[in-house]
Structure formats: structure tokens, C-alpha cells
Amino acid sequence: MLKVENVTKYYGNFLAVDHLTFEVKDGEIFGLLGVNGAGKTTTFRMINGLLDKTEGSITLDGLPIDYSVTDKIGFLTEERSLLTKLTVKEQAIYYGILKGMEEKKILEKLEYWLDRFHITDYKDRKIKELSKGNQQKVQFITAIINEPKLLILDEPFSGLDPINVQQFMDVIRELKNKGTSIIFSSHRMEHVEMFCEKLVVLVHGKSVLAGELKQIKKEYRKKNIHIEANHIDVEALKKVEGVLEVLVNETEMVVKIKSDENVKNVFEFIKKCQDVTKFVVEDATLNEIFLEKVGVNYEN
Ligand code: ATP
């Protein structure tokens, strides 16, 4: 388990991370969110022991992170750091050996992961000859080749097309099921909503929203009802008890309500409309929750 307790980082007089506390259990996927400059990379570097913290404590399975522990950590850095003149195989061997692995084991793992990512044919190709997406797969494989206990992924999905995002997510879930603790950053809320269980949102290095995603959504009582029907009197709908806002777009109407207790009022109203083909109650999005808590849009 990774434990980050009261961690602060100053660059000179500049406070980049401010008393940050969270933990990531074995087999858990944890999201570290924040806009550019929020302090995500700084946090990752401190966890990985690449940067000294000013204050606080970081432990992995109860041990402070030093060279004896870093072999158990895999790190996909944001600035993709591949040795582009090497072949995929040479690069895997280079990093695997740095992580204390034997060549036979490295090659065995490499075969497995190349196959899993459908890029077996690239094993002996130079990295610079690969597409951006495939380079990212190779870097990801390099980060997990040593079967890390803790996997840190700094913006793992940036630059990937939706099919590759899905493939990465499937592999990350596979690692989670094997007990790996996974911490990843993203400035795309929808990526976080799709598959993380716990999260921290940083603003200027400070946690502004934290906890289990399900719980955060449950505690936030407001809901969105998606409706498709004919001849809805929007002005009358706006006056139904508990209705905060009605958004009308091309295909549907979204009714924002104060709490789940107001669903029945809207339902009673819609029942009287013609041709109702959709009535779906959904939790508010993480972006809406963030907007209300922090006062600005997360994604702009
Ligand atoms: P991004 O999404 O853009 O990568 P981030 O959330 O990873 O952002 P960090 O790179 O951790 O943010 O930076 C946090 C803050 O600390 C920023 O204001 C940045 O300018 C500052 N910072 C980062 N590294 C240094 C450094 N070496 N010296 C001084 N300030 C720094």
C-alpha cells in the first residue's frame, strides 16, 4: 500500500504541493487530477524518490521510498523517455536489467505484453520507426515489465485514440486484478470517471475534492434526468418542485434536479407528455461536482 501523508513541496518560495494526504491500497486504481501546473508530476516524482519533499512522509508497504523500494515501482513519465535508436527488445532489456531482472525473464514478459498489445511484429524494430501510439505502448510495457507493486502513470492516455485508450484501460484493470496499486494522472475527467475508484483533485497543489468516486457522487445529491418526449412545456417543467435547470438540445432534454427525492415530481409531469421514449436518471458528472465545489470549470 502507498501512503502519502501531509506531503508538501516548495520550489524555493513557491508552494507546489500543499499538505497532501492519500493512500492507495493493493489492487486499487487511484486518480490524481488537476489542471496544468496543479502539482501532479511533482507528486509523482516525490513518490518515486526522484525529488525530495519539503515535508511529510511517503511509504510503500510501510517502508520509506529509497533505492531498495524503487525496483518495485513502475513509472510512465509524462515526457515520454524512450531510447529511440534502440529496438523495442533492446530497450526492454536495458530497463529490465536496471530493475534487477534477468534477461530470460525480461524476454518472456516482453513476448507476453507485445502480444497483449498486438504489436509482436515490432519487437526488432527501432523505436523511432514506430507510430506515437505504439511508442506509448512500448513505454508502458517498459514501466510494467518488472511487475511493479506500485504503478505510476503520468497522463497515460494523452495522445491515444479511443481504441488504444480502451486497450490501455483493459491492461491497467488486468494489473489491478493482480494486486498492483495504480496511481494515474489525467486532466480528462471522463477518463477518471470511466475507471478509477478513488481520487484527489488538486488545485494549486492543494486537495479540493477527495475520496471514493461512488461516495463523492452519492453525497452530491443533485441528479440529471435525460428525457426524450414530444410536446414538453419547458416553462411549466422549470416550475416543477426541485427542478434547478432545463437544458434542451437537439436530441434530448436534460433536467437538473436538487436531489433524487425530486425524481418523482419530474416523472409525474413527464407522464402526461406524449411519446416519451426516454427517462433516465443519472448522477451528476464529476465535472459538475468540481465546478460547484471549486467555482471554476475543470476542463475549459
Ligand atoms: P501538467 O499537467 O502541466 O504536467 P502538473 O500538475 O504535473 O502539471 P507540476 O509539473 O507538478 O504540475 O508543477 C506544479 C507547479 O510547480 C507548477 O506551477 C510548476 O511551474 C512548478 N514547478 C515544477 N517544477 C519546478 C521546478 N523545478 N522549479 C520551480 N517550479 C517548478
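A residue counts as buried when its relative accessible area is under 20%. By that rule, 48% of the 300 residues in this chain are buried. The model is predicted.

## The whole chain

The chain has 11 helices and 14 strands. Its C-alpha trace spans about 70 × 45 × 30 Å along the principal axes. There are two domain ranges: domain 1 covers 2-217, and domain 2 covers 221-283. The C-alpha centres of domain 1 and domain 2 are 41 Å apart.

How do contacts run along the sequence? Take the contacts between residues at least 6 apart in sequence: 67% of them join residues at least 24 apart.

Start with helix α3, residues 88-98. Its buried residues are V88, Q91, A92, I93 and G96. These buried residues of α3 pack against α4 and α5. Just after α3 comes G100, with a positive phi of about 80°.

Now turn to α5. Two packed helices are described by the angle between their axes and the distance between the axes. Helix α5 spans residues 132-144, and helix α6 spans residues 162-177. They pack at an angle of about 10°, and their axes are 12 Å apart. Are α5 and α6 roughly parallel or roughly antiparallel to each other? Angles under 35 degrees count as roughly parallel, so α5 and α6 are roughly parallel to each other.

Which residues make the contact? From α5 come Q136, K137, F140 and I144. From α6 come N164, Q167, F168, V171, I172 and L175. Six residues of this contact are nonpolar, three are polar and one is charged.

## Aromatic pairs

The whole structure holds 11 aromatic pairs. A pair of aromatic rings is described by the distance of the centres and the angle of the planes. Two of the pairs are set out here.

| Pair | Centre to centre | Angle of planes | Type |
|---|---|---|---|
| F117 and F168 | 5.4 Å | 55° | tilted |
| F157 and F184 | 5.9 Å | 70° | edge-to-face |

Take F117 and F168. F117 sits in the loop between α4 (103-116) and α5, while F168 sits in helix α6. The two are 51 residues apart, so the pair links distant parts of the chain. Are these residues buried or exposed? F117 has 0% relative accessibility, so F117 counts as buried. F168 is buried too, because its relative accessible area is 0%. F117 and F168 also belong to one aromatic cluster with F140.

F157 lies in the loop between β7 (150-154) and α6, and F184 lies in strand β8 (residues 181-186). The pair therefore ties together parts that are 27 residues apart in sequence. Both F157 and F184 are buried.

## A charged residue in a loop

Where is E28? E28 lies in the loop between β2 (14-24) and β3 (29-34). Its relative accessibility is 13%, so E28 counts as buried. Which residues does E28 touch, leaving aside its neighbours within four places in sequence? E28 is in contact with E23, T180, S181, I182, E197 and K198.

Notes. Residues numbered from 1 in each chain as written. Predicted model: local features only at pLDDT ≥ 70, side-chain atom pairs only at ≥ 80, totals over all residues. Heavy atoms only, no water. Axes fitted to C-alpha atoms, helices over the stretch in contact; angles between N-to-C directions. Helix = DSSP H or I, 4+ residues; strand = E, 2+ residues; numbered from the N terminus. Parallel < 35°, antiparallel > 145°, perpendicular 65-115°, else oblique. Contact = heavy atoms within 4.5 Å. Nonpolar A, V, L, I, M, F, W, Y, C, P; charged D, E, K, R; others polar. Phe/Tyr/Trp six-rings, centres within 6.5 Å; stacked < 30°, edge-to-face > 60°. Buried < 20%, exposed > 50% of the residue type's maximum accessible area, 1.4 Å probe, protein only. Domains from an automatic or database assignment.
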